[in-house]
Each structure stands twice: as structure tokens, then as C-alpha cells.
Amino acid sequence: MKLPFSASSSLFRTNKPRLSPYIFTLLAFIFFVVILYGEDFMCIFGQQFQLYQNPDDTIFSSIPQRVKRQQKLPYAVGKTEEGCDIFSGRWVWDNLTRPMYEESDCPYIQPQLTCQEHGRPDKEYRYWRWQPHGCDLPEFNASLMLETLRGKRMMFVGDSLNRGQYVSLVCLLHQLIPKDAKSMETFGSLTVFTAKEYNATIEFYWAPFLLESNSDDAVIHRVSDRVVRKGSINKHGRHWKGVDIIVFNTYLWWMTGLKMKILLGSFDDEAKEIVELSTEDAYRMGMKSMLRWVRLNMDPKNSRVFFTSMSPTHAKSIDWGGEEGGNCYNQTTMIDDPTYWGSDSRKSIMQVIGEVFSKSKVPITFLNITQLSSYRKDAHTSIYKKQWSPLTPEQLANPVSYADCVHWCLPGLQDTWNELLFAKLFYP
């Protein structure tokens with residue numbers, strides 16, 4: 001198999017014109033500002049340049065530089081070697097260290113993600129390891145992770161894709177904990193895995209928009225007419241306070257293909273005032289609310305904040321040169337085009353992220369899983385999962401019609417996401 005590789009001035013002459021004192025004053029002021037704020041300018045404008053010139057490469061690579069200015073980030077035990085971008089690399093076959101656990105050995109995986117249990121015949125998707133160009137990922141160390149979490153709370157906040165990453169991390173850690181010293185409980189939107197001997201919890205909080213919405217019920221949330229309440233992040237955010245490490249994601253639920261409905265008042269109002277915004281403007285509102293909450297509630301000296309970028313879907317096989325009408329169903333090999341990016345629909349949202357985060361000084365570490373996951377059309381749950389409702393004869397006759405090309409089998413791709421999280425937590 002051919003392995004995919006991640007994609008990862010003018011001079012003016014004059015004839016010595018005489019400059020007025022006002023020009024000298026202006027030039028001196030500009031020089032002072034550039035010296036004083038040069039790094040910020042480079043971060044902001046460099047980010048925008050990368051965003052528009054290289055939409056198929058990581059748009060996030062320059063944003064974390066704000067975080068790196070600190071002498072040492074909380075929980076760091078080392079640092080990634082200079083010039084190493086762990087998000088740029090290739091997938092390599094590894095049947096020695098993969099899979100990192102067995103599906104049957106982790107009782108915490110939801111039946112929507114247990115592909116082998118639900119009859120998936122192939123297993124090759126479990127044996128791929130992400131190899132950055134020119135450097136190596138640090139080996140995932142479950143003992144270090146648990147010791148670091150001793151007496152602390154770690155939380156994933158977002159949608160079902162973030163929940164998949166959460167469950168993956170629990171699966172990577174739980175075998176080091178005696179059976180009677182661990183538990184997992186769900187309280188509405190909050191799921192809590194407790195490592196009792198460590199006095200530590202790893203939690204997941206369901207909030208697909210981060211803001212309050214009509215899709216907030218952790219079980220009954222399949223709402224097509226989605227409404228998000230403006231300025232409402234504290235409705236959920238009060239449950240996040242006191243967390244030491246937090247991992248946010250939000251993307252998929254904003255992508256309705258239509259304008260987003262934004263509630264200006266309260267869901268309890270008898271007469272509700274609703275306006276419609278473009279997806280980009282609505283998402284921008286959500287990102288700004290998240291950053292504001294982080295700034296007011298997370299202490300950068302003692303806590304870490306992560307944001308997981310967009311998880312790609314593989315719903316149209318024509319995107320990667322396949323036959324029209326297909327999707328991830330029956331796909332057992334990954335995409336081998338190193339320039340493959342997928343649908344252009346993500347680019348406008350990426351531009352919003354670049355714009356909002358480049359203007360913020362809130363210390364957030366990005367987990368740029370988008371490009372490396374784009375190659376993995378083979379790693380989705382497809383038809384090998386528990387179905388929410390009985391399938392019709394028509395669906396059974398056409399598996400493409402009900403294949404899940406959004407979520408990922410465990411063990412699998414999302415274990416790599418946690419290897420990247422581990423690397424950025426301990427070796428930023």
C-alpha cells in the first residue's frame with residue numbers, strides 16, 4: 001500500500017526625497033510599535049497568511065506559539081524537539097504495538113463504537129501508527145498520566161466525537177487500576193470515570209455547542225431544527241469549574257447546511273426571540289464564548305486547556321476519487337493522496353477559528369487531528385455498530401444508506417488522538 005504523507009516583497013527606490021519631520025515622527029512610532037508588539041503581529045498576520053495560502057495544511061500550527069512563551073507549562077516534563085510538528089507525518093503499519101488495547105478488554109466502550117462485536121470482518125484499521133516527519137511521538141505512558149491526575153479532575157467537553165476520545169483515554173488507562181478501585185457513572189450530561197486510589201476523575205460533559213441549546217439532553221438530542229442560546233455558556237460552564245485539564249471540541253453540530261437559529265432570550269420565554277446567523281457567524285459566537293469562559297475560569301499557572309480540531313467525515317467517496325454514491329462503507333484502506341483534504345465545507349469554519357484564536361491571548365493548546373484523520377476512511381464504524389432504531393428492508397438491502405461515516409471504531413484512530421494529547425500535555 002502506498003502510505004499517505006501529510007501535507008503538511010517589494011523594494012522601492014527613490015532619488016533621496018526630503019522627508020518632513022512628520023514623516024520621521026510617524027516612522028519612529030511605527031518602528032516602536034513593531035519592536036514592542038512584533039511577536040503578536042507575527043503570530044496574528046502569520047496565522048492569517050498560513051490560513052489562506054495553505055488551507056490543506058495545518059492552520060493551527062502558529063497559534064500555540066502564544067502558549068509556548070511561558071517558561072514551563074503545567075504538567076510538562078520535557079519538550080518536543082525544535083522544529084518537530086507532531087501533526088505532520090504519515091501512517092505506518094505496526095502490528096507490534098497496535099492495537100493499544102483490545103475491544104473486549106475495555107468494558108467502557110459504547111456499543112456504537114464496538115465494531116468487532118458488531119461483525120466487522122477486517123482488523124487492519126487497528127494496526128496503523130502515526131509517525132511524525134523527522135521525529136517521534138513520545139510513548140504513551142499510562143502510569144505517568146495517572147500519577148499526574150492524582151487528586152485532580154480531567155474533563156472532555158463537547159459532542160459524541162469528544163466522548164469517543166474520552167472513552168479511548170479511559171481504555172488506555174483503566175487496566176492499571178484494580179477492578180474494585182475504578183468506576184464509571186453517568187449523571188445526566190456528565191459521565192465520570194473515577195480512579196479511586198488516585199483520587200482522580202476523568203469526565204465527559206455533553207455540550208455539542210458548548211452553549212446552551214435544544215440539543216442538550218444527553219440521550220434525546222437528535223434535533224434537526226437546532227437552536228443555540230446566545231451568551232449562555234455558563235449554563236454548562238458551571239459544571240466545568242474546578243477542572244485541572246479540560247479538552248474542548250465543537251464542530252459537527254453547527255454544520256446543518258442552513259443558517260443557525262440563535263435564541264436571544266431564554267428557552268423559558270413564552271415568546272422567543274430568534275434570529276438567524278450564517279454558520280460562520282454562529283460558530284464565531286461560540287468560539288468567543290468559550291475563550292471568555294476559559295479566561296475567567298481557568299488559571300494558566302495550574303491548569304491546561306486543549307481544543308481538538310475538526311473530526312473529518314467520509315460521506316462522499318467522490319471526494320477521494322471513488323465511485324459516485326459511495327461512502328465509508330466497505331472501505332478497508334486509507335486514502336493515499338498526500339494532498340487530500342476532503343470537503344471544502346470545513347475551510348470557512350477553519351477561517352473562523354484562525355481569526356478568533358489568533359486575536360486571543362488565552363493559553364490554549366491545539367490538537368490538530370483534522371489532516372491526519374482525513375486519510376482514515378477505513379477507520380469509521382460504518383455499519384458495524386448498535387443501531388439507534390431498527391433498520392428497514394430497504395436499508396438492509398443498501399448498507400451505504402445507513403453507514404456511519406462520522407464516528408470511529410475503538411480501538412483505532414482516536415487512540416492516536418490521545419497519543420497526541422499526551423505529547424502536548426507532557427512534551428509541549
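Reply: Contact means heavy atoms within 4.5 Å. This is a predicted model, in which local features need pLDDT of at least 70 and side-chain atom pairs count only at pLDDT 80 or more, while totals for chains, interfaces and linings use all residues. Residues are numbered from 1 along each chain as its sequence is written, and side-chain values use heavy atoms, with hydrogens and water left out.

Me: Which residues does M290 touch?

Reply: Leaving aside residues up to four places away in sequence, M290 touches L210, I233, F248, F307, F357 and I364.

Me: What makes a set of residues a nonpolar core?

Reply: The members are buried Ala, Val, Leu, Ile, Met, Phe, Trp, Tyr and Cys residues joined through side-chain atoms within 4.5 Å. Buried means under 20% relative accessible area (1.4 Å probe, protein chains only). The largest such core has 80 residues, and W240, F248 and M290 have the most contacts inside it. Helix α6 gives the most to this core, with 8 residues. A second, separate core has 22 residues, including W128 and Y375.

Me: Why are β9 and β10 called paired?

Reply: Two strands pair if DSSP finds at least two bridges between them; strands are DSSP runs of E, at least two residues long, and helices are runs of H or I, at least four, numbered from the N terminus. Strand β9 (residues 260-263) has 4 bridges to β10, so the two are paired, and they run antiparallel.

Terms used
Buried means under 20% relative accessible area, exposed over 50%, partly exposed in between (1.4 Å probe, protein chains only).
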